[in-house]
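Here is a short briefing on one protein chain. Look at the structure first, then read the points below.

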Amino acid sequence: MNQDELFMLEAINLSKLAVEHGNEPFGAVLVKDGKIVYTNENRIYTCTDPTFHAEAGLLRRFCAETKITDLQEYTLYSSCEPCFMCCGAMVWTKLGRLVYGASDIDLCKILGVEGAQCCKIVFKHSGWYPQVTSGVLRNECIEVLEHYFKKHSKG
């Protein structure tokens, strides 16, 4: 198992914890120099905050706690391709690299709606484009999403 897969497993575990805590199944892990520096799970329901996605919440909390706002040397692992809002946060923090498992198209297929490649659209039209690696442990990420959204609706 390579380093990307190891960190993605942690994001997947966080997505499962999010469900246990009453939220949607999304998890995010922030890494620098091969070490996890911060983690977060989706908390939109427990915080009554529809913007508290795993990625945006992670970036907001990490930056506030550390006073670090330039993340060019960091990699963010996300169990699912981040939405437009979360990608915008990655632009503003100048994230160096994004790694995700399931794509937005995968999620939308599960939800029965049309999908788009969210992060590519946001990054293309912004002043910052982190390195992007997609599809890491994709099937495992899809499995968690399918399990949850068989019983729950989105949002």
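In which hand of crossing does H4 pass H6? The crossing is right-handed; a crossing counts as right-handed if the near helix is turned clockwise from the far one by less than a right angle, and left-handed if anticlockwise. This is a predicted model: local features need pLDDT of at least 70, side-chain atom pairs count only at pLDDT 80 or more, and totals for chains, interfaces and linings use all residues. Residues are numbered from 1 along each chain as its sequence is written, and side-chain values use heavy atoms, with hydrogens and water left out.

**Helices H4 and H6**
- Two packed helices are described by the angle between their axes and the distance between the axes.
- H4 covers residues 104-111 and H6 covers residues 138-149. Helices (H or I, at least four residues) and strands (E, at least two) are DSSP runs, numbered from the N terminus.
- The two pack at an angle of about 30 degrees, with axes 10 Å apart. Axes are lines fitted to C-alpha atoms, for helices over the stretch in contact, and angles run from 0 to 180 degrees between N-to-C directions.
- That angle makes H4 roughly parallel to H6 (under 35 degrees; over 145 is roughly antiparallel, 65 to 115 roughly perpendicular, the rest oblique).
- From H4, the contact uses Asp-106, Leu-107, Ile-110 and Leu-111. From H6, it uses Arg-138, Ile-142, Leu-145, Glu-146 and Phe-149. Contact means heavy atoms within 4.5 Å.

**Helix H2**
- H2 runs over residues 54-66, 13 residues in total. It reaches 18 Å from first C-alpha to last, close to the 18 Å expected at 1.5 Å a residue (1.5 Å times one less than the number of residues).
- Its buried residues include Ala-54, Leu-58 and Phe-62. Buried means under 20% relative accessible area, exposed over 50%, partly exposed in between (1.4 Å probe, protein chains only).
- The buried residues of H2 pack against strands S1, S2 and S3 and helix H3.
- Lys-67 follows H2, with a positive phi near 65 degrees.

**Two loop residues with positive phi**
- Lys-94 sits in the loop between H3 and strand S4. Its phi is near 55 degrees. Lys-94 counts as partly exposed, at 37% relative accessibility.
- Leu-137 sits in the loop between strand S5 and H6. Its phi is about 50 degrees, although Leu-137 is not a glycine. Leu-137 counts as buried, at 12%.

**Gly-27**
- Gly-27 lies in strand S1. At 0% relative accessibility, Gly-27 counts as buried.
- Among its contacts beyond four places in sequence are Ala-11, Ala-54 and Tyr-77.
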